[in-house]
Amino acid sequence: MKAGWPLLGAALLLPPFLPISDYTLHIIILVLLWAFVYTSWTIMGRFGLVSLGHGAFLGLGTYVTALLWNHYGLTPWAGIPLGVVVAVAVALVIGYPCSRLKVVGHYFALVTLALTEVVRLSIVAWRDVTGGSLGMTPNAVPPESIVALQFTKFTWYWVALGVWALGLVVWHRVDRSMTRSAMDAIADDETAAAAVGINVTLQKLLVTTVSAALTAFGGALIGQYQMYINPDTMAGVGVSLQIVFAAISGGMYVILGPTVGAILTIVLQEFLRVLFGTRCIGAAATIYGIMLIVFIIFMPAGICGVIVARMRKRRAVAAAAPAAG
Amino acid sequence: MLQVDGLTKAFGGFVAVNQVSFAVAPAEILGLIGPNGSGKSTIFNLVSGTLSPTAGSIRFEGQEIAGRPASEIVHRGLARTFQIPRPFRKLPILENVAVAAYFGRNGRIDRGTAVERARAALALVGLPGDPDARTDGLGAAGLKKLELARALATQPRLLLADESLGGLDHGEMQQAAEMLRRVRGEMGITIVWVEHIMGVLMKVVDRVMVLHHGETVAEGLPADVVRDPRVIEVYLGRGHAGA
């Protein structure tokens, strides 16, 4: 696998220079940006903190950035950090009591599910400012503007690639840190974890805030890229489920799992959009739900998880063979 | 080193620990005995921060620790083991102990040092085999040793050992008792030891405290306590009289 990384890196430098359509490049950019968001979710999701509230963090990052730009002319370079701060503050407000009161498992999922709906409904209700359920468009400054963070697809590809790589680096660093061991211990037994000196609340809040911050950052960039944001596609429970589905289907315990999940969900989304058009609203969400059930039952480790497990098994067999011979 | 005064814990109308007071001197081994439900493990939970007391004071090295978070109490130098081993099943054996070495010192050491301390703790308790193996392969004795290694890896000055001999055969019990002696003798760690295996406990501890229905029945030297009529009545039985 280590030898594959330079190859993957080299392959990722090519798309903007290949004779591919604008649409294909658009899909690749979307995959990279959403892969970053999905990777961000797994930073906490892999430790049993199954958040259905990441739609809220995504929406906060997106809307705070866009609203500050449209209403106050504040550059997204300042708007995005503010969106991230707001998302982190909300994550702390929800995460702290959940951790202190040992709200875990189904209850944690329900609390975060409520959060994502509160954010979505707030955006819808604040119609005069946010555009309500019709969504809003950040004021455009064509053709390219660094200050407005508005670029052509060619530039966006490099931004998306860099951000995706950042997500992998953070995932890797968490994976190699003692925080990972602490979180695994906490997921097993909070009381025993505290009894060896692990500050359970601190560690949980650490991964929660990192995950929320990165998700808000990803949401803001997706909004800037798409130049249209809508509470249902950027903040609702649908987005939260999409994030969870992509992470689980790709494999949340493997670094490239969420990326594979992003390829699967974005391509599926586009396929369903073309297939149904406007004839069958909700078909995509239904199919997502069915696929999530199928994956959880038959492939809980996700696509990458299964591949890695098979590779390990094959290696173990190969290593055992000479010894047996 | 440890001073407990008027410690009380009520669960609704049930008083599990009632006005218990005791002190532990540095490098002493105090045995805590009593029938099931007498409040021994509850006292451990209160002293280690797993539970908050309803009333009373717990002072460790002069500092009040009653009601403080369990992790903070570990950082102050007080560690515990559990009666029923609670290994971290997702982590390999070495990492189970390394995480204790790292966070027991509140992250003030690097990962490499934590792993080295974990190896030393595993060697001390005599846990053989591949340290990268999963904990699923450990038997009752192995899990007890892992508990002890994890607690020792936090580098405590006071160890609360909860039934370290449970599930062990005769030879393993003698080894475990010897290990606790070494922990005190070589490392200078003070120990409060809850145990039901009286024959082994009495040979190791300096003093014994007997609990019954959450209250102190007797406290003193092992030889004196086993002759106490109330202790014989509520816990030891007539067979121990005159032992």
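A salt bridge here is a side-chain nitrogen of Lys or Arg lying within 4 Å of a carboxyl oxygen of Asp or Glu. Keep that in mind for the notes below.

1. **What you are looking at.** This is a predicted model, so local features need pLDDT of at least 70 and side-chain atom pairs count only at pLDDT 80 or more, while totals for chains, interfaces and linings use all residues. Residues are numbered from 1 along each chain as its sequence is written, chains are lettered from A and ligands numbered from 1 in the order in which they are written, and side-chain values use heavy atoms, with hydrogens and water left out.

2. **The bridge between the chains.** Start with B:Arg86 and A:Asp189, whose side chains meet in a salt bridge at 2.7 Å, N to O. Across the interface of chain A and chain B, the rule finds one salt bridge. As background, side chains of opposite charge can pair when their charged atoms come close.

3. **How much is buried between A and B?** The size of an interface is often given as the accessible area lost when the parts come together. Buried area is the accessible area, taken with a 1.4 Å probe, that two parts lose on being put together, summed over both. For chain A and chain B that comes to about 1,800 Å², with 66% of it on carbon and sulfur atoms. Three residues stand out on the A side: A:Met178, A:Asp188 and A:Val196 supply 35% of the area that chain A buries against chain B, more than any other three residues.

4. **Who takes part.** Contact means heavy atoms within 4.5 Å. By that rule, 21 residues from chain A and 22 residues from chain B make up the contact between the two. There are also seven residue pairs in polar contact across the interface, both residues at pLDDT 80 or more. (A polar contact is a pair of N or O atoms within 3.5 Å; within protein, one must be able to donate a hydrogen and the other to accept it, and residues adjacent in sequence count only if both atoms are side-chain atoms.)

5. **The A side, helix by helix.** Helices (H or I, at least four residues) and strands (E, at least two) are DSSP runs, numbered from the N terminus. On the side of chain A that touches chain B, helix H8 (178-188) and helix H9 (190-195) each supply at least two residues. The largest share, eight residues, comes from H8(A). By type, that side of chain A divides into ten nonpolar, seven polar and four charged residues. (Ala, Val, Leu, Ile, Met, Phe, Trp, Tyr, Cys and Pro count as nonpolar, Asp, Glu, Lys and Arg as charged, and the others, Gly among them, as polar.)

6. **Salt bridges overall.** Over all chains, the count comes to 22 salt bridges. For the burial labels: buried means under 20% relative accessible area, exposed over 50%, and partly exposed in between (1.4 Å probe, protein chains only). Take A:Glu190 and A:Lys204, whose closest N and O atoms are 2.5 Å apart in a salt bridge. This pair links distant parts of the chain, with A:Glu190 in helix H9 and A:Lys204 in helix H10 (residues 200-226), 14 residues apart. A:Glu190 counts as buried at 15% relative accessibility, and A:Lys204 is buried too, at 6%.

7. **A pair in chain B.** B:Arg80 and B:Asp162 meet in a salt bridge at 3.9 Å, N to O. B:Arg80 sits in strand S6 (residues 78-80) and B:Asp162 in strand S7 (residues 158-162), 82 residues apart. Relative accessibility is 6% for B:Arg80, which counts as buried, and B:Asp162 is buried at 2%.

8. **A network in chain A.** Salt bridges that share partners join A:Arg46, A:Asp175, A:Arg176, A:Arg180 and A:Asp184 into one network. One of its links is A:Arg176 to A:Asp175, with the closest N and O atoms 3.7 Å apart. Here A:Arg176 is exposed at 56% relative accessibility, whereas A:Asp175 is buried at 13%.

9. A:Thr62 lies in helix H3 (residues 54-72) of chain A and is buried, with a relative accessible area of 2%. Leaving aside neighbours within four places in sequence, its contacts include A:Ala216, A:Ile229 and A:Met234. B:Gln19, in strand S2 (residues 14-24) of chain B, is exposed at 55%.
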